[in-house]
Every structure is written in C-alpha cells, then in structure tokens.
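Let's take a walk through this model together, starting with charged side chains and ending with the chain as a whole. Have the viewer open as you read.

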Amino acid sequence: MTKRLKAIVLTAVMALGIAAYTPVGYAGSLTAPTRVNAHIGEDASTMINITWITDSETDAAVKIALGNGNQYAAYTGVSNEVTMFEDTSYKIPVKKYSNQVEVSGLKPDTNYNYVIGEGEEAFRGTFSTAPKANSKAPTTFVYVADPQVKTAENGEAWAATADQISQVKNLDFVYIAGDHTDKTAVNPQWEDFFYNDGLYPTAVQDLLGSTSLASTYGNHDTKDNSLDSNVNLPDEYSKVVYSYDYGAARFVILNLESARYDWDNREAQYQLIKGLVEDAKAEGLWTVVGFHKSLYT
C-alpha cells in the first residue's frame, strides 16, 4: 500500500460504568433533528445521502452551502414513519420518522456545510466530497468494525473510540464494517449509538456530523430493515451493494448478509467485483473491498 492510501484501524476503547440514556443536545420538540449522518452516495465526488430522525413528520429539508458560506441551496427528500421498539422483546412499539435527502450535483473535492431545522433546534454539520475520479489524490479513512451498541456502556465505549477518530488529521471518511447496533429495530440502542452520559457524550454525533460515512450490512443490521431508516446506504447494483472511487482507490461494498444463503446473489456479487477490480486495475487504482463476514465461511 502506498502513501496515497492510509487506512487506520482503531480498537474500541473500554469505558467503565453504566449510565441511563439522556439525549444530549436534544432540543425537545417533535421535529428536532437527531441521529444525523451524511453517507457517501453512489458517486462520492458529487452525491451525499443525509439522514436524521425526528419524533414527527417533517418536510425533510436540508440547506447546503459551499465551505463556511451562507449562500444556501435547499434540498428536499422524504420523511417516512418507521416503527421501532423499546427493547428486545419487540412488544413496545416506538414511532419515529426517518428523514432522508439524497443530494446530487455537488462539486468534487469540495467542503460543504449544511443546516437541518430552524432556530435553536437547528443542526449544523459539514462534509466533503471526493476528488474527481482518477485524481490519485491521497486519501485517509478510518476503518471500524462492530460498534454493535447494545447497552449504555457500549455507547460510552463507542463514543470514546469516536473521540479518538475525530483527532485523525485530514480524515476523508469513516467506514463501518457492519453491526452498528446489536438489534437495529431497538430504538434505545440507536440513541446510545449517537449519544451517551459518559466522558464523550456527543462524540459520535459530532464525528458523523462533520465527516462522511460509508457502511455495509452486518448480521446484526438486518432486523426489519431498520439500519436503512437510520443510515441511507446506496443500492447501486443491488441491496446495499455499491462502489465509489476516492482518490487512489476504488471502494467496493458488498452485502454478504443478504447473500448468506442465496448463492445466485453471491455469484452475482462475485461477477460484479471481478469487473470492478479489472476496471480499477486498468485505471491504475487500488481496490478496497468492504463486507462484514468473510467471503468463505
């Protein structure tokens, strides 16, 4: 691996003590944006998928401006009601709204700021687009596997890790290799994923509000498609199978969970990756393949 591509693997930091969930920074109204993240789109240089959660339906609108500017352009998406649950018994439903805006037409290699909501409840975040394809620009990303937040203590440990990630210089994006929470349909686990009462209460939200995200499906992410409601992963080739070029590398994200017992699906992804790797080699790019469990069990 050359200096053009630097991957940083971080080990989770263990945190002590169990604290009850308090939605730090939550303004209190039904339309206040929480659990905000900006996932890389099908084209990392021109597209971004922004997702946030509210307690009531909204107009799913986000304002985006270049750099630190205030000349905002408005983009709208969809606000869908989703049913989650209070605990793993799945007997107590929790109604939430998933707000997702898929933004296209952005400029490559550009910093943006965005605003969701109004007044004191507004969420302000940033993201950067990838350089133009074949730019061979240096790329820095962080690889994290299995945050798998199940308890408040897990959330505190994940936040301590996020605090360390935020100190990485020139970070382009964070890649999560599946298992974001233990049960994606359990609402408190997502609350603990983003916020906690530990030493770094908003570290995860701060990180994902200022850095682009790329993810894949893990075996703990497949319950009721609830990951899709919290993070908008591209379905470029098939369900959560996508690729994007970033600097000197082509990233290919597979969904081996959906293909675990579906050999036609697995064969289709195998043929897809063969073609994408051949093209990447012809273009002089490194290839990075992302998935959760191994290709061969």
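Is Glu 118 buried or exposed? Glu 118 counts as exposed, because its relative accessibility is 61%; here buried means under 20% relative accessible area, exposed over 50%, and partly exposed in between, with a 1.4 Å probe and protein chains only. Before going further, please keep in mind that this is a predicted model, in which local features need pLDDT of at least 70 and side-chain atom pairs count only at pLDDT 80 or more, while totals for chains, interfaces and linings use all residues. Residues are numbered from 1 along each chain as its sequence is written, and side-chain values use heavy atoms, with hydrogens and water left out.

Glu 118 has a partner: its side chain meets that of Lys 63 in a salt bridge, at 3.9 Å from N to O. The term stands for a side-chain nitrogen of Lys or Arg within 4 Å of a carboxyl oxygen of Asp or Glu. Glu 118 sits in the loop between strand 8 (111-116) and strand 9 (123-128), and Lys 63 belongs to strand 4 (residues 61-66), so this pair ties together parts that are 55 residues apart in sequence. Lys 63 itself counts as partly exposed, because its relative accessibility is 29%.

Now turn to Arg 250, which is buried with a relative accessible area of 7%. Arg 250 forms a salt bridge with Asp 245, where the closest N and O atoms are 2.7 Å apart, and Asp 245 is buried too. The side chain of Arg 250 also meets Glu 283 in a salt bridge, at 3.3 Å from N to O. Arg 250 is part of strand 14 (residues 249-253), whereas Glu 283 lies in the loop between helix 5 (263-282) and strand 15 (286-290), so the pair links parts 33 residues apart in sequence. Glu 283 is partly exposed, at 30% relative accessible area. Taken together, Asp 245, Arg 250 and Glu 283 form a network of salt bridges.

Finally, step back to the whole. The search of the entire structure finds six salt bridges. The protein chain has five helices and 15 strands, which are DSSP runs numbered from the N terminus (helices H or I, at least four residues; strands E, at least two). Of its 297 residues, 50% count as buried. Among contacts (heavy atoms within 4.5 Å) with a separation of 6 or more, 71% come from residues 24 or more positions apart.
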